[in-house]
Amino acid sequence: MTNNTDYLQILWELKYSDVAVSSTILTIIGGIVGILGNGSVIICYFFRIQERGQRYFIPVLAVVDLVACITSSVFYIMDNKFLLNYPYDLMCRILIFLQLLVPGISASLLVIIGVQRFLLVCKPHGPRMTSRWKRIAIVVVCLFSLALSAPFLAISGIKTSSKTFQNHTLQMTVCKFFTAEITANIRAYISCLLLLIIISILITITLFILVLKRIKLTFLGKFKSWRKTFKHRNTPSNTDSTKDIELYNCERKLHGIQIHKLSCSTPSIGVSSTMSVDLDTNKSVNTLKKEDSERTRKEKATRRITIMFFVIIVAYVLSYIPTCIIFIVVYTLPDFNYISLSREAAFLIIYLSRFVFLNHIVNPFIYSYFDQNFRTELRKLFACVNK
């Protein structure tokens with residue numbers, strides 16, 4: 001006689017086997033890529049790049065992403081393996097808690113990074129986020145995310161329910177975010193979490209739009225200034241510029257006559273004076289060129305790092321939105337039932353619910369594309385490993 005376990009196996013093979021196996025394979029590949037990528041970021045930024053400066057939060061974010069790659073991989077593989085018959089309640093609670101804690105820290109860090117970039121670019125003469133305040137911000141973010149995620153240790157776990165499949169009643173044990181009925185308090189808690197996620201996304205996007213707007217305007221203004229200067233140099237027929245050139249030439253002639261007279265009376269003093277004037281002029285020109293070059297280099301670095309963080313923000317938003325939508329659908333619709341889903345719908349829901357996993361994998365690729373220092377140190381690191 002066919003028992004409950006046999007029907008669960010039939011249900012799993014009919015609807016979930018393909019998506020579970022493919023999801024497990026992709027999770028293992030993504031986990032390995034994320035661990036290696038974020039591990040390389042941590043090694044390079046913590047131990048090989050001496051001056052982090054604007055990159056202060058990159059290794060911190062890499063540590064969070066590394067932990068997320070490990071915990072999320074374990075959670076997804078366990079869920080695929082025991083999708084309809086989850087055996088361990090404590091493991092379910094801990095993994096769900098970590099699923100909320102680690103991405104929460106990551107999202108909160110991006111808000112802090114947005115504030116830092118805003119102060120650096122939009123308020124260059126205003127207050128700066130010092131190393132002390134950066135450390136305080138990291139601690140506050142961790143404690144805040146811990147406080148928001150801690151209730152899931154109590155309300156999550158495995159839940160056994162009866163479902164009808166092929167005219168048979170099946171006992172399914174599933175790892176769920178909520179084991180009890182969704183009360184008003186739990187609904188308010190979920191609404192608060194979703195509201196905080198939306199607010200953090202909006203704040204982060206707004207800050208970076210302001211930063212990018214400021215950078216665009218600044219460099220557009222510099223381009224117009226350079227263009228005006230170039231045009232000014234190539235149009236000597238202009239009245240104002242002609243007068244300036246003539247006045248400058250007259251001053252040079254008078255200055256040359258004075259030096260000539262002085263050199264006739266005291267030749268040695270005249271020669272030394274001329275040499276001194278030339279040396280001082282060359283020195284001041286070289287100093288100005290060096291200062292302009294250094295300023296341009298810093299502005300380009302600021303612009304490049306800011307764009308890099310903006311791309312990270314875009315990846316974060318695009319990966320979080322599908323997961324949040326699926327979370328809302330699964331846990332707010334009272335008639336939602338996995339058994340009634342088609343094979344295609346189950347495939348779509350499972351993959352979209354885990355889309356947030358990509359956010360922790362892609363960041364090392366973004367760092368390597370935008371940060372020249374990281375690319376250089378990464379090549380050296382690979383060279384050392386190959387030896």
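Tutor: Let us begin with burial: a residue is called buried under 20% relative accessible area, exposed over 50%, and partly exposed in between, with a 1.4 Å probe and protein chains only. Keep in mind that this is a predicted model, in which local features need pLDDT of at least 70 and side-chain atom pairs count only at pLDDT 80 or more, while totals for chains, interfaces and linings use all residues. Residues are numbered from 1 along each chain as its sequence is written, and side-chain values use heavy atoms, with hydrogens and water left out.

Student: What makes Asp79 buried or exposed?

Tutor: Asp79 has a relative accessible area of 14%, and the limit for buried is under 20%, so Asp79 is buried. Of the 387 residues of the protein chain, 37% count as buried.

Student: Why is the pair of Arg354 and Asp79 called a salt bridge?

Tutor: A salt bridge is defined as a side-chain nitrogen of Lys or Arg within 4 Å of a carboxyl oxygen of Asp or Glu. For Arg354 and Asp79 the N to O distance is 3.0 Å, so the pair meets the definition of a salt bridge. Arg354 is also buried, with a relative accessible area of 11%.

Student: Which parts does this pair tie together?

Tutor: Arg354 lies in the loop between helix 9 (343-353) and helix 10, whereas Asp79 lies in helix 2, so the pair ties together parts that are 275 residues apart in sequence. Helices here are DSSP runs of H or I with at least four residues, strands are runs of E with at least two, and both are numbered from the N terminus. The protein chain has 11 helices and 2 strands.

Student: How many salt bridges does a search of the whole structure find?

Tutor: The search finds 3 salt bridges. One of them joins Asp89 to Arg93, with the closest N and O atoms 2.7 Å apart; both residues lie in helix 3 (residues 89-121), 4 residues apart, which is about one turn of the helix. Asp89 has a relative accessible area of 25% and is therefore partly exposed. Glu377 and Lys380 form a salt bridge too, with 3.8 Å between the closest N and O atoms, and these two residues are 3 apart in helix 11 (residues 372-386), about one helical turn.

Student: What makes Glu377 buried but Lys380 partly exposed?

Tutor: Glu377 has a relative accessible area of 14% and so is buried, whereas Lys380, at 42% relative accessibility, counts as partly exposed.

Student: How do you know that helix 3 and helix 4 pack together, and at what angle?

Tutor: Two packed helices are described by the angle between their axes and the distance between the axes. The axes are lines fitted to C-alpha atoms, for helices over the stretch in contact, and angles run from 0 to 180 degrees between N-to-C directions. Helix 3 and helix 4 (residues 131-149) have axes 9 Å apart and pack at an angle of about 145 degrees. Contact means heavy atoms within 4.5 Å, and the residues that meet include Phe97, Leu100 and Leu101 in helix 3 and Ala137, Ile138 and Val141 in helix 4.

Student: Where does helix 2 come within 8 Å of another helix axis?

Tutor: The axis of helix 2 (residues 57-81) comes within 8 Å of that of helix 10 (residues 359-370), and the two cross at roughly 145 degrees. Among the residues that meet are Ile58 and Leu61 in helix 2 and His360 and Tyr367 in helix 10.
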